Every structure is written in C-alpha cells, then in structure tokens.
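This briefing concerns the ligand site and selected helices of one protein model. The sequence and the structure are shown first, and the points that follow are grouped by topic.

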Amino acid sequence: MSIFDNVAFDRHERVAFCNDPVTGLKAIVAIHSSARGPAAGGCRFWRYDSEDAAITDALRLAQGMSYKNAMAGLDLGGGKAVIMAPDSGELDEPMLEAFGAFVNTLGGAYITAEDVGMSVGKMEVVARRTSYVTGLPPKQGVAGGDPSPKTADGVFAGIRAAVRYKLGRDSLDGLRVAVQGVGSVGWHLCQLLFDAGAKLIVADINAERVALAREQLGAEVVALDSILESDVDVLSPCALGAILNAQSIPRLRAGIIAGAANNQLATDADGKRLFEAGVLYCPDFVINAGGIINVACEYAGDVSDAVVNEKVRAIGDRLIQIFELSDAQKRPTHIIANEQARRLIGRDDG
Ligand code: NAI
C-alpha cells in the first residue's frame, strides 16, 4: 500500500526504512512533525503481521508523539521507530547496534527512547552507535533511565486532577480504581494508588504480575474480560490501545478514565460516546507524558530530578484546563486536546 494513501498518514515529514542484510534488522522511523524541534519518541520492538501493519503503527505513533510533546510544552517534534521482530523473536546486540547506526544516519532529526519491548540495557547497546538516544542509566539526582516510573507519576497526577474535578475530593482514600495491565507503568501506578489509600482492582495476562499486586498491594484480581466493566470510580487502562470502543463503552461503570496506554480510543466516535455517557476521559497523550518529559530532560543534560517532577506534576493542571474547556464548549475532551496539540505544531488547518 502507498504510504501517502495510508489511513494513518497525516503529512508526515519523513519515513525512513532500514533493511540490514547483515544483522536482519528491519526498522522504520516515522517523523511526523519537527515544528517544535527534533522528533523524539520511543522505539517499539513488536511482531507485526505485515510490513504495512508496521508502517501504520509507526505513522500513528509518530503523530501521537507530536501531540504529546507539544502538549507537554517540550521543544521537541514527534517521531517513532518500530523494529519488526524477526522469526526468532530475538532482538540481539548486532541488531541493536545496527538500529543505533540507522538512527545516527538521520543526523539528530530523530531521537530514540524506550517503548514496548525495549529496556535500559538495550538502549545502552543502541548508544554504542549513536548519541541520539535516551533512556540510559541515570546519574545521581539527574534525569534518565527507565521512563515508566515518571509516566506513572504523571498518570497519578492526572487521576488526582480528574477526581478533584469530577468528584470534588482531594483524598484518594477509599477510591476504587481498576488498572488494566500491571506492567512497568501499571505497577508503579498501583503502588502510588495503594500508598494514597485507594482500593485496587487489577487484571493482567501475566499471572505473576497480578499475584504480586494481590500479595503486596491487596489488589482484587479480576478476569481479563471483566476489568473494563468493574464497578469503580476510575478505570486506568495501562496495557493496550483501542480498548475504548463501541462494544466496551456501553459496559463501562467508571465515571473517570485515566490511564497510560497509548491510543485508548478505537475511533474519534468513541471519544464522543464517552462524552455523551458522561464519562470524564483524560486524553491519553496528555496524561501519559511523564516518561517523555523525563526523556526530554535527560537529553537536555544535567536536569535535576526535582525539575522533572515539577513538570510531570503540571500534567494535572493541563488536564483541568481541558476539562473546563470541554464543559464550557460542550465538546469531548479528546477533541479539545487534539485541537490544542495541532495548533501548537502549526497543523490547525486540518
Ligand atoms: P509493559 O509491557 O511493561 O506492561 C503492559 C502490561 O499489560 C503487561 O504486564 C502485560 O502483561 C499486560 N497486558 C497485555 N495485554 C493485556 C490484556 N489483554 N489485559 C490485561 N493486561 C494485559 O508496558 P508499559 O511500559 O507499562 O506500558 C503500558 C502502556 O502505556 C502501553 O500502552 C504503552 O504504550 C503506554 N505508555 C508507556 C510509557 C512508558 O513510559 N513505559 C509512556 C507512555 C505510554
């Protein structure tokens, strides 16, 4: 399929391909916008059914990064890399080095970071071949490392803001929160919620993760197909995209949706469905920006953890502004956020 005809194509500035016969690396970098600075966004290692599926994912995720970085007030554009998992399923060191060399050929137009399937250790291997890389081990008191805890901090700030706005309360004590996916972000978020006195309901395909949440955080574990319809105050999707759709929305019982997963709405119509059902939806690319804020500070060099924390906490205020505009204009929160983001990157002409 032609890239220009792809449903996810939104005047992306550049799409680069790497097909390295020596290591077997097949990777794609999509740069959506560099209006605010060099494009930054994670690298996803994933088993795609086809090359088209990988291209679509890279295009969609790169656009999301433009929105996220702009809304977080960062001087960064939006981009994303995907690495297509080989038949072996292994991402070995030579492939990671080849990926680093590929990123380096872009001369700083794209700065890579961790995403699904990557880790601090893997980023260190990538860094052997390029300096346009983040997510490296942090130095004492300075930004860096695994961005997931900061993403969780931002989601927690977002939950606080949404609860204050919709339920008129500051304390999370006794609040019922369902977390879908207790991986890197979900686990940190559960710890923060537990410490704040919230009651946790969790589900994950990984039995060990939920067992840990039950033992250490007193979480109630529910079946994968029933977590979305849990009788809770807040639903926090921290696993997959597209889980808010025509089938799931009528079954939701939470009044607030505030989670880390990217692209939670299957379609724009689903954001409208939530709005009409009176559910307060925290736009994903606003609430899950904690990790990229950390990445941006790491890349800028020598930014203290305290500065990162302050920027991450500001996610709550940003959401409140979106909720207020949504109420005043009687329009869904995701539309308000999309429009704000497009304006910030000079794409408010459609
Ligand atoms: P992760 O891979 O560490 O955790 C995801 C968890 O979801 C895993 O424990 C997995 O077993 C579970 N899971 C998968 N399918 C599931 C299903 N059907 N039902 C319930 N659980 C399921 O990923 P991570 O880093 O925690 O990210 C979570 C989400 O947040 C992803 O969508 C990611 O794109 C997004 N995100 C992550 C950021 C970060 O800093 N790690 C930053 C911004 C967004």
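Helices (H or I, at least four residues) and strands (E, at least two) are DSSP runs, numbered from the N terminus. The model is predicted, so local features need pLDDT of at least 70 and side-chain atom pairs count only at pLDDT 80 or more, whereas totals for chains, interfaces and linings use all residues. Residues are numbered from 1 along each chain as its sequence is written, and side-chain values use heavy atoms, with hydrogens and water left out.

**Asn288**

- Asn288 is placed in the loop between H8 and helix H9 (290–300).
- Asn288 has 4% relative accessibility and therefore counts as buried (under 20% relative accessible area, with exposed over 50% and partly exposed in between; 1.4 Å probe, protein chains only).
- Polar contacts of its side chain reach the side chain of Lys68 at 3.0 Å and that of Asn262, also at 3.0 Å. A polar contact is a pair of N or O atoms within 3.5 Å; within protein, one must be able to donate a hydrogen and the other to accept it, and residues adjacent in sequence count only if both atoms are side-chain atoms.
- Leaving aside residues up to four places away in sequence, Asn288 touches Lys68, Thr151, Ala260, Ala261 and Asn262 (contact means heavy atoms within 4.5 Å).

**Ligand site**

- The ligand is surrounded by 23 residues, and the closest are Thr151, Ser184, Val185, Asp204 and Asn262 (a residue is near a molecule if one of its heavy atoms lies within 4 Å of it).
- By class, this shell holds eleven nonpolar, nine polar and three charged residues. Ala, Val, Leu, Ile, Met, Phe, Trp, Tyr, Cys and Pro count as nonpolar, Asp, Glu, Lys and Arg as charged, and the others, Gly among them, as polar.
- Helix H4 (148–167) and helix H5 (184–195) each supply at least two residues of the shell.
- A polar side-chain atom of Ser148 lies 3.2 Å from a nitrogen atom of the ligand.
- An N or O atom in the side chain of Asp204 is 2.6 Å from an oxygen atom of the ligand, and a polar backbone atom of Ala239 is 3.0 Å from a ligand oxygen atom.
- Of the 830 Å² of accessible area that the ligand has on its own, the protein covers 79% (Shrake-Rupley method with a 1.4 Å probe; for residues, only the protein chains shown count as cover).

- H9 is largely enclosed by the rest of the structure, because nine of its eleven residues are buried.
- Among the buried residues of H9 are Gly290, Gly291, Ile292 and Asn294.
- The cover of the buried residues in H9 includes strand E3 (39–46), H1, strand E5 (110–114), H4 and H10.
- After H9 comes Gly301, which has a positive phi near 85 degrees.
- Lys150 lies in helix H4 and counts as buried at 11% relative accessibility.
- The side chain of Lys150 makes a polar contact of 3.5 Å with the side chain of Asp305.
- Not counting residues up to four places away in sequence, Lys150 touches residues including Gly290, Gly291 and Asn294.

**Helix H11**

- Helix H11 (residues 333–344) has twelve residues and reaches 17 Å from its first C-alpha to its last, close to the 16 Å expected at 1.5 Å a residue (1.5 Å times one less than the number of residues).
- Thr333, His334, Ile336, Ala337, Gln340, Ala341 and Arg342 are buried in H11.
- Helix H1 (51–71), helix H7 (268–276) and helix H10 (305–329) are among the elements covering these buried residues.
- Just after H11, Gly346 adopts a positive phi of about 70 degrees.
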